[in-house]
Every structure is written in structure tokens, then in C-alpha cells.
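Please find below a note on the model under review.

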Amino acid sequence: MSLYQLQKFLYVLNRDQASQRRYRDEIHELLNDFDLTDEERQALVEGDIGLLYVLGVNGQILMHFAAFLGIEWFDYLELMREGIRKHGPVRAGVYAMTGGGERFTQEEKTR
Amino acid sequence: MSLVYAGVLSHAPGITGRADLVRDVSIRNEFYEKLDRQRKEIEEMQPDVLVVVAAEHFANFFMNNMPAFCVGIGEEHAGPIEDPEWLKIPYTTVPGNADLGNRLCTEIMKSVDVAYAEEWKLDHGIMVPLHFLTPRYDLPVIPVNINCQGPPLAPLHRVWAFGQALKRACGTVPERVAVVGTGGISHWPATPDSGKINAEWDVEFLDRLRRADKKALLSYTDEATYREAGQGGFEIRTFIAAAAAAGGPLNLQFYTAKLPIFAVGCTVGRFEIL
Ligand SMILES: [Fe+2]
């Protein structure tokens with residue numbers, strides 16, 4: 001249930017400018033609208049892409065959140081890999097890492 | 001009138017958002033040229049509306065109430081929901097066609113249960129196609145969504161039935177309707193594997209479209225697609241729906257796996273309408 005709430009928070013944030021303002025101005029009040037664990041709350045407050053990825057947030061939701069936070073593309077990919085290194089494999093959902101941490105583009109390999 | 005154009009194209013956000021990161025500029029530009037040719041081909045058919053059969057990415061629908069199929073019948077739609085700087089497409093409002101959307105939806109419902117929505121936010125899944133196909137955002141758009149994000153997913157034979165219902169619906173209205181299906185083939189989008197492409201799998205899938213081989217197209221299982229083509233592979237539904245609407249073989253106008261920075265095998269094609 002909790003992953004559902006976690007993703008719902010991000011879904012609402014990603015598509016709603018009023019929630020985006022609240023994320024910046026009063027994040028704790030905004031978080032109170034959702035039934036989240038302490039770990040999830042912290043990951044959202046800190047914008048911890050790696051942990052959110054490992055918790056199973058759908059990549060499309062996570063990618064839009066990373067864009068909202070202003071994270072550059074290759075940094076976004078690396079943050080997810082770091083999350084795997086730190087917390088282990090993705091725990092739920094269909095967005096597991098299957099490439100063993102490999103970089104799949106020349107552009108990233110030689111950035 | 002009826003269906004006057006049916007085609008497919010890719011929609012990955014990198015196609016616009018990461019354009020400047022591309023090393024192989026010549027193949028990128030060839031892709032853009034093919035998309036521009038697709039724009040001209042659509043314009044030549046003088047459509048009154050563009051139906052975009054898309055696989056949205058949580059711009060409108062969530063797991064609280066996820067439709068398998070949904071038709072956007074609003075007066076207008078706006079997007080992108082993503083940071084416009086990130087997608088490199090400015091925020092804009094796109095005209096819809098509520099009256100035609102209603103009529104198409106009513107016809108489709110005679111054979112397939114679809115949801116409808118008078119409110120629709122556009123994400124990269126529709127904004128990227130429109131950026132190339134209607135760059136002035138002046139052609140009315142009817143967005144259609146097929147849930148491709150995660151299971152439970154509509155089975156492929158129902159996707160085919162939806163495409164056929166769309167075609168039949170187009171045949172009942174006086175307007176000229178263009179349809180594009182926009183998805184990825186094999187890809188692992190928004191994961192650390194972004195850029196991974198199973199080109200062999202893509203070529204086989206595209207070949208099935210080229211042969212208009214319904215049986216082969218509908219034989220994919222979601223388990224095998226996930227394993228071989230990634231979670232992005234679920235988006236073949238949009239191509240299959242467009243194929244069913246067209247009824248004829250695909251003329252593949254462009255495909256490359258050489259732009260992995262766009263995180264998808266980049267595709268442009270047009271169906272023969274039968
Ligand atoms: Fe997509």
C-alpha cells in the first residue's frame with residue numbers, strides 16, 4: 001500500500017503546479033496528505049532519487065520528478081545506479097535495473 | 001469521410017530534450033527530416049483532426065482509476081506536464097475537437113468499452129509527436145490513451161479490436177481523420193538501462209507490421225515482451241492499434257538503433273489504409 005501512496009504523491013506533484021509550490025514552501029504539510037513511512041517521507045524531502053528508484057517508483061513518475069528537481073539526465077541515471085549500490089535491487093514494480101549498471105550510450109560513457 | 005492517414009512514430013522525451021547531447025548529428029538530422037516528411041504527408045491529406053494514440057506516462061491517469069482505453073473529448077489540452085526546459089518544448093495549449101471526439105467515442109463504444117476524458121494534460125508522449133507533426137499546434141488533436149505503464153494491461157487482441165473500432169468510427173463521420181500511433185518498441189526508459197535497445201526484436205516487430213501479420217503481432221506475451229523488450233516494450237500497443245485502424249501493411253520510412261541517447265529505436269512509418 002505504501003508504494004502506492006508514495007507514487008501517488010509524486011503523480012500529484014508532477015502534474016499540479018499548486019502542489020509544486022507547496023513542495024517548495026510547506027513540504028511537510030503536503031506530505032501529511034499521504035500515508036507514508038518515515039523512510040519514504042525522508043526520500044521525498046531530500047529528493048533521494050536512488051532510494052525512490054529502489055523502493056519501486058515507476059520510472060516515468062521518477063523521471064518527471066527528477067526533471068522538476070532540475071537534475072541533469074546523466075546525473076539522474078547515475079543516481080539510480082548509486083541507489084542500487086547502496087540499497088540493493090529494486091524492490092517492487094516493473095522498472096527494475098536489468099543491465100548490471102552498464103552505461104548504454106557513447107554520450108554517457110565519454111561525458 | 002473517413003480515415004485519411006495512419007502512421008507511427010516514436011515519442012521518447014530525449015528526441016527533443018536531449019537533442020543537443022547527440023554525438024552522431026547526421027543520423028539525428030535524418031530522423032528529424034523523416035519526421036518532417038511525415039508532417040508533410042499528413043498535411044497533404046488535409047485532415048480536420050489528428051488522433052494521437054499514445055501511451056501516456058501518468059499525466060492524467062493513475063492506479064486509483066486506470067482506464068485500459070481512453071479518448072480525450074475536451075475542447076483543448078495543455079502541456080507538457082514536464083519541465084518545458086527539460087523537454088525543450090514550451091508550454092502550450094492545443095485545440096481539441098469535443099464534438100467529433102464525442103461522436104467517435106460513441107461509435108467506438110458500440111464494440112469496445114472505452115473511457116473518455118474532457119480534461120487532458122499532455123506529456124512528452126504526445127507533445128514530442130506534435131512538436132514535429134503540428135509545430136504550430138493549429139490542427140485539432142484528439143488524444144487517445146492505451147495503458148502501457150504496467151499490468152494489468154489490455155491484451156493485444158483487445159488493442160486490435162480497439163484499433164478496428166476506431167477505424168469504423170472514422171467511417172461514420174464527415175470529417176477527415178488522421179491517426180498516428182506513438183510508442184516505443186524495445187526500450188528500458190527512465191531506468192539506469194536507458195539507451196538499451198534490442199534492435200533484433202524491433203526489426204522483427206516492424207517486419208510483422210510490414211507484413212500486416214495480425215496473428216504474429218498478437219502472439220506476443222507480456223512476459224516475453226518485458227524480458228526481451230523491457231517495460232517500454234508494452235508500448236507496442238499503440239503501434240498495433242494504429243495497424244488495426246489502417247488494416248494495411250506498414251511502409252517503414254525510418255528506423256535506427258543508433259540513437260540510444262534518445263532511449264528508443266527511432267521509428268517513422270506510414271500504413272496503407274485498406
Ligand atoms: Fe513512452
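The points below begin with conventions and then turn to the side-chain contacts.

1. Conventions. This is a predicted model, in which local features need pLDDT of at least 70 and side-chain atom pairs count only at pLDDT 80 or more, while totals for chains, interfaces and linings use all residues. Residues are numbered from 1 along each chain as its sequence is written, chains are lettered from A and ligands numbered from 1 in the order in which they are written, and side-chain values use heavy atoms, with hydrogens and water left out.

2. Aromatic pairs. Over all chains, a search of the whole structure finds 19 aromatic pairs. Rings of Phe, Tyr and Trp (its six-membered ring) pair if their centres lie within 6.5 Å; planes under 30 degrees apart count as stacked, over 60 as edge-to-face and the rest as tilted. One of these pairs is edge-to-face and joins A:Phe9 to A:Phe34, at 5.3 Å centre to centre with 80° between the planes. This pair links distant parts of the chain, 25 residues apart: A:Phe9 is in helix α1 (residues 2-15) of chain A, and A:Phe34 is in the loop between α3 (27-32) and α4 (38-46) of chain A. Helices (H or I, at least four residues) and strands (E, at least two) are DSSP runs, numbered from the N terminus. A:Phe9 counts as buried because its relative accessibility is 1%, and A:Phe34 counts as buried at 14%. Here buried means under 20% relative accessible area, exposed over 50%, and partly exposed in between (1.4 Å probe, protein chains only).

3. A tilted pair in chain B. B:Trp201 and B:Tyr220 form a tilted aromatic pair, with 5.0 Å centre to centre and 50° between the planes. Distant parts of the chain are again linked, 19 residues apart: B:Trp201 belongs to helix α7 (residues 199-210) of chain B, and B:Tyr220 to the loop between α8 (214-217) and α9 (222-229) of chain B. B:Trp201 is buried at 8% relative accessibility, and B:Tyr220 is buried with a relative accessible area of 13%.

4. Aromatic cluster. In chain B, one aromatic cluster is formed by B:Phe31, B:Tyr32, B:Phe132, B:Phe254 and B:Phe262.

5. Salt bridges in chain B. The whole structure holds 24 salt bridges over all chains, each being a side-chain nitrogen of Lys or Arg within 4 Å of a carboxyl oxygen of Asp or Glu. B:Arg39 and B:Glu43 form one of them (3.0 Å, N to O). These two residues are four apart in helix α2 (residues 25-44) of chain B, so about one helical turn separates them. B:Arg39 is buried at 14% relative accessibility, whereas B:Glu43 is partly exposed at 36%. B:Asp207 and B:Arg211 also meet in a salt bridge (2.8 Å, N to O). B:Asp207 is partly exposed at 24%, as is B:Arg211 at 41%.

6. Network in chain A. Salt bridges that share partners join A:Glu78, A:Arg81, A:Arg85, A:Arg103 and A:Glu108 into one network. Within it, A:Glu108 and A:Arg81 meet at 2.8 Å, N to O. A:Glu108 lies in helix α8 (residues 106-109) and A:Arg81 in helix α7 (residues 73-87) of chain A, so the bridge ties together parts that are 27 residues apart in sequence. Both A:Glu108 and A:Arg81 are buried.
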